[in-house]
Structures are given as structure tokens and as C-alpha cells.
Amino acid sequence: MGLVEAFPPPPGRCYGTATIWAWWGGRCAAKDELRVVEIGPSRVHVRAEAALAVAHLLLRLRRGGVPLTRNDTGAFNCRRIAGSALWSLHGLGTAVDVAWQSNPNGQIAKTSMTPEAVRLVQQLQLPGSTVPLWAWGGHWRTPDPMHWQLNARPTELGWIR
Ligand SMILES: [Zn+2]
């Protein structure tokens, strides 16, 4: 089965890194802006406004059959995108890398993400929105299947319960 059949892309628009970076203030998160989200055994540091969305992400991945991990799952990291001058959304604390040993960058042939898990996450939308709350790196031209990034402005996230 091919990628598109196994993991159909979500309807709606996924925003680019520079757009999202600007929405979140154009700088890496400060330590006091971060919170810990623990969905056992995964434990990640994320921007406070993103914490509930991250909990939903990890819970839906787990419900969809993705084994959560502790030592190869992470979020906040103030760094540039590998091989690029752009800052990574990990610096905002709004992107999560899940089980990177099972989801090597650059390929989709090997991933622990299940079609059901990806579908469950793609169903998450903010009220009145037509875009998915989370964008998945597995859909990129150079796939990064460990990577999930928040596709929303901080001011939009107060809706999440
Ligand atoms: Zn990532």
C-alpha cells in the first residue's frame, strides 16, 4: 500500500514554519513558558498554551495503536531545522517528535504511526475551523514521520478542553 492510500492527507491547510513561528512571537520559548505533559511513559516539555493540545495528540496516538516511548520522544528544543537556516518549531515548544527510533527521518517505509492513529489526530479541529489542529511530518515531500506540529495560533487554543 502506498503512502497516500495508507495515510490520506487531511483536508484543509497546513501552515508553513515561518508563519507559525511568527504567530508564536518569533523566538524560542523561555523556560517559564514551558510545561511538562506526561502521557505515560512519554514526558515532554511544551509551551504552556499548547499543553492540552499535546495531551490530546499523545492520547489519540496511543488509542490508535502507537506505542508511546519515554527516551526517544521529545518536544522543546531551541534549534534550527537540520540543514536549514530556519528555526525549528521545536524551539517554540509546539512540535513533538514521537518515538524517533521507530520513525526515522526521511522515509515513510518504517514508521510506528498507524493509519488509525493519524486519522484520529487529523480529526482534531478547533471549532469553526477547517484545518487540522496538528500537521504530520509523514505527509511532507521528505517525510519526517516522528514529527507532529501544532497548526494553530496560541490565541486559538483556549477552546481546547
Ligand atoms: Zn520534529
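1. The model is predicted: local features need pLDDT of at least 70 and side-chain atom pairs count only at pLDDT 80 or more, while totals for chains, interfaces and linings use all residues. Residues are numbered from 1 along each chain as its sequence is written.

2. Not counting residues up to four places away in sequence, Trp159 touches Leu126 and Pro127 (contact means C-beta atoms, placed from the backbone, within 7 Å). The C-alpha atoms of Trp159 and Leu126 are separated by 7.1 Å.

3. In helix 3, the buried residues are Ala53, Val54, Leu57, Leu58, Arg60 and Leu61. Seen down the helix axis, they fall within an arc of 165°, so they line one face of helix 3 (the arc is that of the directions from the axis to the C-beta atoms). What covers them includes strand 1, helix 4 and strand 5.

4. The largest nonpolar core has 37 residues (such a core is a set of buried Ala, Val, Leu, Ile, Met, Phe, Trp, Tyr and Cys residues joined through C-beta atoms within 7 Å). Its largest share, five residues, comes from helix 3. Val54, Leu57, Val96 and Trp134 have the most contacts inside this core.

Technical notes. Buried ≥ 20, exposed ≤ 12 C-beta atoms within 10 Å, placed from the backbone. Helix = DSSP H or I, 4+ residues; strand = E, 2+ residues; numbered from the N terminus. Contact = placed C-beta atoms within 7 Å.
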